[in-house]
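Please go through the sheets, the charged pairs and the nonpolar cores of the protein shown here, strand by strand. The briefing below is grouped by topic.

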Amino acid sequence: VQRLEIRDLTVRSTPLTNANFAALAPVSVVKSQSGCRVLILGRRSDANRPRPVQLYDLEEQKSLPTPTIPADGEYFLANGSELIIVDERTIVPNVFPGGQTIGVRYKKPGHLHIYDSQSGKEISIVKLPEDGELSAIDASTGYYLSPQKLSIVDLKTGTIKGTIGVPFAKG
């Protein structure tokens with residue numbers, strides 16, 4: 001097993017050091033013909049600003065040009081790191097039975113945002129059932145599991161290829 005180590009990295013003009021490494025969270029690693037790449041998220045200091053993201057090539061040990069991605073949620077790489085997928089999530093009040101509100105929670109509205117990783121152009125938004133999640137990606141196909149349904153999404157075209165009924169409420 002070959003071990004690769006990130007020695008030098010700049011995320012939106014902020015050099016990576018031991019002091020600020022905790023502010024980064026690698027979320028998606030893809031092995032492709034272009035090499036092994038990781039998508040790294042920076043922590044957001046302001047909820048009204050896009051989260052800083054950086055695409056990094058582990059084999060060449062260099063940062064790749066990465067656009068600003070305005071959507072927020074769970075991030076994935078697809079199609080050999082050509083696509084950045086964001087499974088959108090929003091913050092909503094946490095309302096308990098009886099109407100009492102305590103704190104906030106994340107809610108999945110069922111929107112998959114598909115971006116070109118080079119230009120940052122939003123290719124499409126795929127509307128899916130609420131309270132689901134992108135469970136897996138196989139090359140350019142995404143599998144979105146929601147209550148009672150598995151949706152198969154073509155990530156290149158942003159279309160739903162099919163749905164399968166499942167006998168359970170959550171995956």
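I85 stands opposite I114 in β11, and strand β8 (residues 83–88) pairs with strand β11 (residues 111–116) in the antiparallel sense over five bridges. Two strands count as paired if DSSP finds at least two bridges between them, and strands are DSSP runs of E of at least two residues, numbered from the N terminus. This is a predicted model, in which local features need pLDDT of at least 70 and side-chain atom pairs count only at pLDDT 80 or more, whereas totals for chains, interfaces and linings use all residues. Residues are numbered from 1 along each chain as its sequence is written, and side-chain values use heavy atoms, with hydrogens and water left out.

**The sheet that contains β8**

- β8 belongs to an open sheet of four strands, whose order is β7-β8-β11-β12 and whose pairing is antiparallel.
- The edges of this sheet are taken by β7 (73–78) and β12 (122–127), and because each has a single partner strand, one side of each is left without a neighbour in the sheet.
- Neighbouring strands of this sheet are turned against each other by 20 degrees on average, direction ignored, where the axes are lines fitted to C-alpha atoms and angles run from 0 to 180 degrees between N-to-C directions.
- Within the pairing of β8 with β11, I84 stands opposite Y115, while on the other pairing, which joins β7 and β8 in the antiparallel sense over six bridges, L77 stands opposite I84.
- The hairpin of β7 and β8 has four residues between the strands, and N79 takes a positive phi near 55 degrees there.

**Burial of β8**

- Six of the six residues of β8 are buried, a term that stands for under 20% relative accessible area, with exposed meaning over 50% and partly exposed lying in between (1.4 Å probe, protein chains only).

**Charged pairs**

- Side chains of opposite charge can pair when their charged atoms come close.
- The structure holds four salt bridges, each defined as a side-chain nitrogen of Lys or Arg within 4 Å of a carboxyl oxygen of Asp or Glu.
- One of them joins K108 to E74, with the closest N and O atoms 2.6 Å apart; K108 lies in the loop between β10 (101–107) and β11 and E74 in strand β7, so that the pair links distant parts of the chain, 34 residues apart.
- K108 is buried, with a relative accessible area of 13%, whereas E74 is partly exposed, with a relative accessible area of 30%.
- The side chains of D87 and K108 also meet in a salt bridge (3.1 Å, N to O), which links strand β8 to the loop between β10 and β11 across 21 residues, and both D87 and K108 are buried.
- Another salt bridge is formed by K107 and D131, whose closest N and O atoms are 3.5 Å apart; K107 lies in strand β10 and D131 in the loop between β12 and β13, so the pair ties together parts that are 24 residues apart in sequence.
- D131 is partly exposed, with a relative accessible area of 31%.
- Through shared partners, salt bridges join E74, D87 and K108 into one network.

**Nonpolar cores**

- The largest nonpolar core has twelve residues, including L39, L55, L77, I84, V86 and Y115; such a core is a set of buried Ala, Val, Leu, Ile, Met, Phe, Trp, Tyr and Cys residues joined through side-chain atoms within 4.5 Å.
- β4 (35–42), β5 (53–57), β7 and β8 each supply at least two residues of this core.
- Apart from this core lies another of eleven residues, among them L83, I85, I114 and L155.
- L55 touches R37, V38, L39, S63, L64, T66, L77, S81 and S117, not counting residues up to four places away in sequence, where contact means heavy atoms within 4.5 Å.

**A further sheet**

- Four strands form an open sheet in the order β13-β14-β15-β16 with antiparallel pairing, and its edge strands, β13 (133–138) and β16 (159–165), each pair on one side only.
- The twist in this sheet averages 25 degrees from one strand to the next.
- β13 pairs with strand β14 (residues 141–146) in the antiparallel sense over five bridges, and D138 stands opposite T141 in β14.
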